[in-house]
Amino acid sequence: MTELHTFSDSEPSPTTGELQLGDRASLQRVAGLSTELSDVTEVEYRQLRLERVVLVGVWTSGTAAEARASMGELAALAETAGSEVLEAVIQRRGKPDPATYLGSGKAQELREIVIATGADTVICDGELTPAQLNALEKVVKVKVIDRTALILDIFAQHATSREGKAQVSLAQMEYMLPRLRGWGESMSRQAGGRAGSNGGVGLRGPGETKIETDRRRIRERMAKLRKEIRGMKTARTVKRAARQRGGVPALTVVGYTNAGKSSLVNAMTGSGVLVQDALFATLDPTTRRATLADGHEVVFTDTVGFVRHLPTQLVEAFRSTLEEAVDADLLIHVVDGSDAFPGKQISAVRQVLNEVFAEEGAAPPPELLVINKIDAVDATRMTQLRAEYRDAVFVSAHSGEGIDELFRRITEFVEAGDVEATLLVPFARGDVIPRLHQHAHVLSTEHDESGSRVRVRMPAPLAAEFEELITE
């Protein structure tokens, strides 16, 4: 007999993040199923999801520990995408081979590893040129993808909003377009005569090949997506402008992927933003309001995480998330304190942000460095981190340690931009007093025949809005 479970009034309702997490868990990939690749279009072939993978990296610089950490991150990316990692190979060389990424001998060794493990995909820790992709695939005789394609695949799985899905699709097509080529002879077939044209004298000819048809359709789809994304941007800009008019400080949470940004937002706002121990769990910007201890209202925006060598297509496509960083009053830069190389994470995030600020022609906002996950760091390592990052705030979003100190630092920043002034508000301006009580600190109020004389401490944007009412 099937037992039905009903939610009682005493049970808490599931949060938005819990519902999203349930949706992700409800669709799992099934490994071990073979796929026939003899007669599919290039687009279909590139989008096939295969699961048993061998990882390949070229170690060109840095220490052996950094090379292993890079491969560990690639393995985490592969597992987040739903793959089973069977083997990992690192080759030490001055630079990647221009022909096959690996040398010809190592490529043959890789082929033997693929046969021995039964892998159906090779993932390279770098962005391969179309020629390298083609040449290596001919040697190993299974599908080859690079780090960029892997990240795009994760983004495609995790995007939930209409805008996020459109941005991922656009990024995938921009990546795929220069890499289209034939699988066997299928892409070189032509649709001749009337099938390739509108018919008629002078218009009949060989027609388009399948690859030309695919390229044309992709370009048409890209143009449509760009138009849709521009339309979505308008609505997002209006919402952000409304927050700025209200004088509410915007605090944008940025950082490396899986550094604990969403957990920190939840800890500080009590919201139900999706939290998952996976890379790129958050793709769509999520804004939550919070009230500081002194009564100031602020908004926290959780953003997509960054990663080493973030693909150019994604930087361009996810401009919506990055615009939240450009317009922020304060960047809360979250770093995973338990990572072996936190400095590398900080550099990767700052590099991407600096590129965005330069393109937008904007000055970077102030940055507050937050070292998260200190509950997973031993005492010796904590001493090293505190010595290296003296101005940072050390917190644990999991245990709550350090959250009060973080709130204190944020409050100091917000109050530093306040203006204290006296406003003479005529009785006819009944809209002003409620706004002051909502967005400012009312220190005193007096009434006379000319109106209300209000002494307040308020954000600078609000002071600029009520400039004509300020008397001192």
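Val54 has Glu87 as its bridge partner in strand S2. This pair belongs to a run of eight bridges that join strand S1 (residues 52-59) to S2, the two strands being parallel. Strands count as paired here if DSSP finds at least two bridges between them; helices (H or I, at least four residues) and strands (E, at least two) are DSSP runs numbered from the N terminus. The model is a predicted one, with local features taken at pLDDT of at least 70, side-chain atom pairs only at pLDDT 80 or more, and totals for chains, interfaces and linings over all residues. Residues are numbered from 1 along each chain as its sequence is written, and side-chain values use heavy atoms, with hydrogens and water left out.

On the whole-chain level, there are 16 helices and 13 strands. Of the 472 residues, 46% count as buried, where buried means under 20% relative accessible area, exposed over 50%, and partly exposed in between (1.4 Å probe, protein chains only). Among contacts (heavy atoms within 4.5 Å) with a separation of 6 or more, 68% link residues 24 or more positions apart.

Back to S1 and S2: they sit in an open sheet of four strands, ordered S2-S1-S3-S4 and paired in parallel. S2 (84-92) and S4 (143-146) are the edge strands, each pairing on one side only. Neighbouring strands in this sheet are turned by 25 degrees against each other on average, direction ignored; axes are lines fitted to C-alpha atoms, for helices over the stretch in contact, and angles run from 0 to 180 degrees between N-to-C directions. Helix H5 (residues 130-140) packs on the sheet, where it touches S3 (121-124) and S4, and its direction makes about 145 degrees with that of S4. Helix H6 (residues 147-158) also lies across S3 and S4, but runs at about 85 degrees to S4.

The largest nonpolar core holds 35 residues, of which Leu55, Leu74, Ile123, Leu150, Val254, Leu331 and Leu353 touch the most other members. Such a core is a set of buried Ala, Val, Leu, Ile, Met, Phe, Trp, Tyr and Cys residues joined through side-chain atoms within 4.5 Å. Two or more residues each come from S1, H3 (64-80), H6, H7 (162-176), H11 (319-326) and H12 (342-360). Domain 1 (51-156) and domain 2 (247-415) both contribute residues, so this core lies between them; the domain bounds come from an automatic or database domain assignment. Leaving aside neighbours within four places in sequence, Leu74 is in contact with Leu55, Val56, Ile123, Cys124, Asp125, Arg147 and Leu150. Apart from this core lies another, of 22 residues, among them Leu251, Leu264, Val265 and Leu330.

Ser61, in the loop between S1 and H3, is exposed, with a relative accessible area of 55%. Its C-alpha atom is separated by 8.9 Å from that of Lys95, 34 residues apart along the chain. Ser396, in the loop between S10 (393-394) and H14 (403-416), counts as buried at 0% relative accessibility. Beyond its neighbours within four places in sequence, Ser396 is in contact with Asn372, Lys373, Ile374, Asp375, Glu401 and Ile403.

Strand S7 (residues 297-302) is mostly covered, five of its six residues being buried. S7 pairs in the parallel sense with S5 (residues 250-255) over four bridges, and Asp302 of S7 is the bridge partner of Val253. With S6 (residues 286-291), S7 runs antiparallel and is joined by six bridges; here Thr287 has Thr301 as its partner.

Further along, three strands form an open antiparallel sheet in the order S11-S13-S12. Its edge strands are S11 (418-425) and S12 (441-448), each pairing on one side only, and neighbouring strands are turned by 15 degrees against each other on average, direction ignored. S11 and S13 (residues 451-459) pair over eight bridges, with Val456 in S13 as the bridge partner of Ala421. Helix H15 (residues 432-439) packs on this sheet and touches S11, S12 and S13, its direction making about 30 degrees with that of S13.
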